Amino acid sequence: MGEYLLEVQDLKTYFTVKAGKVRAVDGVSFAIKPGEKLGVVGESGCGKSVTALSIMRLLPQPPGEIAGGSVLFEEQDLVDLPESAMRKIRGGKIGMIFQDPMTCLNPTMTVGKQIAEALRIHLKLSKDEAQKRAISLLDQVGIPAAAERINSYPHQFSGGMRQRVMIAIALACNPKLLIADEPTTALDVTVQAQILELINGVCSEFGTAVIIITHDLGVVAGMTDRVVVMYAGKVVEMAPTNELFANPRHPYTLGLLDSVPRLDEQRHSELRTIEGAPPDLLKPPPGCPFMPRCTFARSICRTMPPLDSLVGNAAHRKACWVDVTDPQEQAYAEKRRQNRIEKVFARMNAQSGSTQSALEEK
Amino acid sequence: MDIPGQLNVTTSEEEVEPILELTPELVQKRRSQARIIFDRFIRNRAALLGAAFLILMFLFCFLGPTVSGHIQPDVIHPADASQAPSLKYPFGTDYIGRDQFARAMAGGQVSLLVGLSSMLMAIVFGIGIGSMAGYFGGLADNILMRLTDVVLAVPLYLLLFVLSASYSDGSVTSVVFLIAIFGWTYTARLVRGEFLALKEREYVLAARTIGAGHFRIMFRHVLPNAAGPIIVSATLLVGANIILESVLSYFGFGLHPPSSSWGNMISDGQPLFDVSPWLVFAPGMLIFSTVLSFNLVGDGLRDALDPYMTER
């Protein structure tokens, strides 16, 4: 205890819908040290954003609820905290930025007022002090002529500038932790790098820990210390960033890495896709959620593997029964992959054949 | 909202000038929100006419008496009783010789004040109820909206007559309250609808992530974004309230003498319609044109504030 700023333990967040309970987050555990930069990756709908909203306790709350687990922040469990105490933590201790800066700023308030708002709520600054602080913050996030620009409205800013403003708002009260939920997804590629650099720079300067949620492996590679890979509401692999990229141990992580073009390595000449789609979280498979799509899958995968540390490397943990570095397993997986591809081709040929014969009949 | 001055701040004058000259339509686009709305409103002829007429009407009612010298609405001139409109008495006189021109202006002050202040009360109350219902939803929404439905279900005029007979003392304040008690329902529904839609916006979530409380989110973040429809409904409500006040006064349940309003004047003049039709026509036309103007302005504002309106 005490070593970690935030410790998420066995967090379960369910959404109640007519058909039953959607297990959006199902037993997620991870921790982050002060000043550390943690990446959370996974494809759409695997519970990344819900995890973030659960930490902030901002789930839309008839359908969503935290069904179990704990979120220890500075040794306080945020899950049972009363709403008024939670409000002090939001913005004061934990800042958050969202995906789409176009819709996250209030169109009827000047940018300066929106930055000053957090300062006035948490630090109880006077109007003038908050204004001064807002100018310096806007300057720090790299907006030129900050003193004039604080009187502008959001529609007078470009997307990248708005995201800078969001960062200024989130960091206004010098929080211990910044949660960035896909901060660059809605931005132009050229602006993405600038924004990431800014988050990186400002957080290092302030000593803020960052949880960066993304589906872009490039983002994680560039700026995080550690990575958590999520799939279907569960953590499947967790490792220091360099280790994860050099030595991925979960078939899902392997699949993710193989589906992205890499300039540094020539492991495969082709880009591989992960066949299929994520499971329905209303009725998740009893064992490993990735099993239906996994080429390494075996019968033991019908029970959920524990998230165990690798031998000799405690920081690297994976939830998989199979040792993906074993050449025998690799050969087996390769064969299964080829089989699947052949099946797909056969189906395509059958279809095109039938259309061709249909054409000939005419 | 003064934006044009800020445009050249980041770059030097020489760099910006030629670009702006090349693209005049771009320069036009760099207007503030308020300026855009104002420009759109100005372009709507009917609304502009209504606004001009309303300004004239306010001047007429509040400055008219001192300028024209018709400052004695209640003084009786027995010698000049029942006179048709003339230069001395532009709106004629009634059967006891009161100056109808002076009375029209004095009555107009009352009518406009009643219309405006009951609108303000109704809007404030409607925003209170509507924003609570829309923002909190669930049980609060159910209780407040059923209450609103109950008020809407009551036959308005009957209840007003009864309430007025038992509680009102015929003073301006009591009539304002009487009208406002029932005027808030439509505003409440409108505000609730706006809040229901706006509270799902991402900037509301963003406001929650910086730890803003419910009150701050409701009135600093959501309400300003609902301002357009509320302003429109407020404008239309003034016209409706003037009519309502006239109706009440006409039936004798509104203002009691000596205070006069346009509704009172019509009711006083009606028995004498055959001999002195001007007693009814003058206040009738004033009510008609004022309410029409308020409605035109309301419609104009609706169009001007609608962000999806394309510029013509």
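**Entry 1: a pair of strands in chain A**

I began with strand β1 (residues 6-17) of chain A, which pairs with β2(A) in the antiparallel sense over ten bridges. For my notes, two strands pair if DSSP finds at least two bridges between them. Helices (H or I, at least four residues) and strands (E, at least two) are DSSP runs, numbered from the N terminus. I remind myself that strands of a sheet pair through backbone hydrogen bonds, either parallel or antiparallel.

I looked up two places along the pair. A:Leu6 stands opposite A:Ile32 in β2(A), and A:Thr16 has A:Lys21 of β2(A) as its bridge partner. β1(A) and β2(A) form a hairpin, with two residues between them.

Before going on, I noted that this is a predicted model: local features need pLDDT of at least 70, side-chain atom pairs count only at pLDDT 80 or more, and totals for chains, interfaces and linings use all residues. Residues are numbered from 1 along each chain as its sequence is written, while chains are lettered from A and ligands numbered from 1 in the order in which they are written.

**Entry 2: the sheet around that pair**

Which order do the strands of this sheet take? I read β2-β1-β4-β5 (chain A), an open sheet of four strands with antiparallel pairing. β2 (20-32) and β5 (76-77) of chain A stand at the edges with a single partner strand each, so one side of each is left without a neighbour in the sheet.

**Entry 3: chain A as a whole**

I noted twelve helices and twelve strands in chain A. The C-alpha trace of chain A spans about 75 × 55 × 45 Å along its principal axes. Of its 362 residues, 43% count as buried; a residue is buried if 20 or more other C-beta atoms lie within 10 Å of its own, exposed if 12 or fewer, and partly exposed in between, with C-beta atoms placed from the backbone.

**Entry 4: where the chains meet**

How many residues does each chain give to the contact? I found 25 residues from chain A and 17 residues from chain B. Two residues are in contact if their C-beta atoms, placed from the backbone, lie within 7 Å. On the side of chain A that touches chain B, the elements giving two or more residues are α2 (83-89), α3 (101-104) and α4 (111-122) of chain A. α4(A) gives the most to that side, with four residues.

By class, the side of chain A that touches chain B has twelve nonpolar, seven polar and six charged residues. Here Ala, Val, Leu, Ile, Met, Phe, Trp, Tyr, Cys and Pro count as nonpolar, Asp, Glu, Lys and Arg as charged, and the others, Gly among them, as polar.

**Entry 5: α10 of chain B**

Chain B has 14 helices and zero strands, and 38% of its 312 residues are buried. I picked out helix α10 (residues 202-209) of chain B, which is mostly covered, with six of its eight residues buried. Those in α10(B) are B:Tyr203, B:Val204, B:Ala206, B:Ala207, B:Arg208 and B:Thr209. They pack against α1 (48-56), β6 (94-97) and α3 of chain A, together with α11 (214-222) of chain B. Just after α10(B), B:Gly211 takes a positive phi of about 85°.

α6(B) has 37 residues and reaches 52 Å from its first C-alpha to its last, close to the 54 Å expected at 1.5 Å a residue; the expected span is 1.5 Å times one less than the number of residues. Because 28 of its 37 residues are buried, α6(B) is largely enclosed by the rest of the structure. Just after α6(B), B:Gly137 takes a positive phi of about 65°.

The axes of α6 (residues 100-136) and α9 (residues 172-198) of chain B come within 5 Å and cross at roughly 40°. Axes are lines fitted to C-alpha atoms, for helices over the stretch in contact, and angles run from 0 to 180 degrees between N-to-C directions. The residues of the contact of α6(B) with α9(B) divide into 23 nonpolar, nine polar and three charged.

**Entry 6: one residue in α9**

Last, I looked up B:Val175, in helix α9 of chain B. Why does B:Val175 count as buried? B:Val175 does so because it has 30 C-beta neighbours inside 10 Å. B:Val175 and B:Ser118 are 57 residues apart in sequence and 8.4 Å apart in space, C-alpha to C-alpha. Leaving aside neighbours within four places in sequence, B:Val175 has contacts including B:Val114, B:Glu245 and B:Leu248.
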